[in-house]
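Work through the exercises below with the sequence and the model open. Each task is followed by a solution in steps.

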Amino acid sequence: MRRQAGVALVIVLWALVLLSAVAVSYGTTVRSELRIARNHYDQAQAAMLAEAGVNLALFELRRGTRDDSDWVGRTRTLEEDGGTVSWSVRNGTGMVDLNAAGPGLLDRLLKPVVADEGRRLQLVGAIQDWRDPDSLRRLYGAEARDYSAAGRETGPRDAPFAHPVELLQVLGMTPAVFHAIRPFLTTAGGLGGVNPRFAPAELLLWLKAGTAEEIDVYVAARADGGQALLPDVSAAPQVFVAGTSDYYRIEAAGRIGGGAGARLTSLWQAADGAGDGGQLLTWDWGGEGENYGD
């Protein structure tokens with residue numbers, strides 16, 4: 001009897017161990033699912049805040065009461081109920097338009113990451129051949145036979161770039177070069193050069209518009225609506241231009257406390273200047289750029 005009682009006790013103990021393991025596993029699963037659900041909830045809230053940021057920017061654009069010093073990408077922030085929404089608006093001429101940039105600007109853009117002049121000439125020519133409608137090969141460019149000789153099944157597009165990431169398909173372009181210049185690219189800026197009035201400080205420094213100190217002074221004066229000059233602007237007319245376009249790049253972000261966040265980049269085309277009657281062309285989560293034409 002004692003032996004049977006001992007066996008029964010062991011069985012009961014093992015059963016308790018197994019039940020405890022099941023209970024711990026179930027509790028862990030429930031906690032994990034609750035955390036996942038909470039993360040999804042916070043992420044959805046952050047996304048809605050980012051959408052609110054775009055709509056706040058569109059409200060400003062449609063009002064059209066601000067001057068051009070407001071379209072330089074200055075970030076505005078609003079905090080409420082534990083959430084933060086931020087947004088900025090930049091006129092499209094403050095970016096490098098892949099569909100309008102001339103050879104001088106393209107060469108200047110590539111120079112910091114492509115030191116070899118011959119390779120830069122080839123890339124500049126290939127970019128222009130990609131977007132122009134004809135099949136005539138530039139001196140340093142690339143047309144269909146060049147892509148075929150390189151083992152490519154397609155290329156060039158012979159039409160405007162639909163999205164900056166399409167640049168990766170241009171013959172000679174590498175991921176390292178693309179990712180270095182990607183923050184400065186757009187497919188709808190409207191001008192063949194960059195207007196320093198609207199360009200981010202990083203792009204001005206990249207294009208060697210002046211020293212870091214000179215650019216800091218210029219950007220600060222620009223933000224205050226004042227006047228300042230960059231030393232290299234007048235010396236590079238193919239790179240730096242004046243004027244504005246009807247395209248505006250909107251960058252918005254939402255964040256819940258110190259946790260979940262979401263980013264949204266959109267492109268707005270005004271009917272005339274920053275007035276009413278425009279249209280929202282893109283809606284791109286993650287802030288990777290435009291989905292122009294999608």
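The buried residues of α3 are R120, L123, V124, G125, A126, I127, Q128, D129, W130 and R131, where buried means under 20% relative accessible area, exposed over 50% and partly exposed in between (1.4 Å probe, protein chains only). Helices (H or I, at least four residues) and strands (E, at least two) are DSSP runs, numbered from the N terminus. This is a predicted model, in which local features need pLDDT of at least 70, side-chain atom pairs count only at pLDDT 80 or more, and totals for chains, interfaces and linings use all residues. Residues are numbered from 1 along each chain as its sequence is written, and side-chain values use heavy atoms, with hydrogens and water left out.

**Exercise 1.** Compare the span of α3 with the expected one.

Step 1: α3 has 15 residues.

**Exercise 2.** Find which residues of α2 are buried and what they pack against.

Step 1: α2 covers residues 103-110, and six of its eight residues are buried.
Step 2: These are G104, L105, L106, R108, L109 and L110.
Step 3: Contact means heavy atoms within 4.5 Å. The buried residues of α2 pack against β3 (96-97), α3 (117-131), α5 (175-181), β4 (185-186) and α6 (201-206).

**Exercise 3.** Describe how α2 and α3 pack.

Step 1: The angle is about 130 degrees and the axes are 9 Å apart. Axes are lines fitted to C-alpha atoms, for helices over the stretch in contact, and angles run from 0 to 180 degrees between N-to-C directions.
Step 2: The two helices are therefore oblique to each other; under 35 degrees counts as roughly parallel, over 145 as roughly antiparallel, 65 to 115 as roughly perpendicular and the rest as oblique.
Step 3: P103, L106, D107 and L110 in α2 meet R120, L123, V124, I127, Q128 and R131 in α3.

Methods: Expected span 1.5 Å × (residues − 1).
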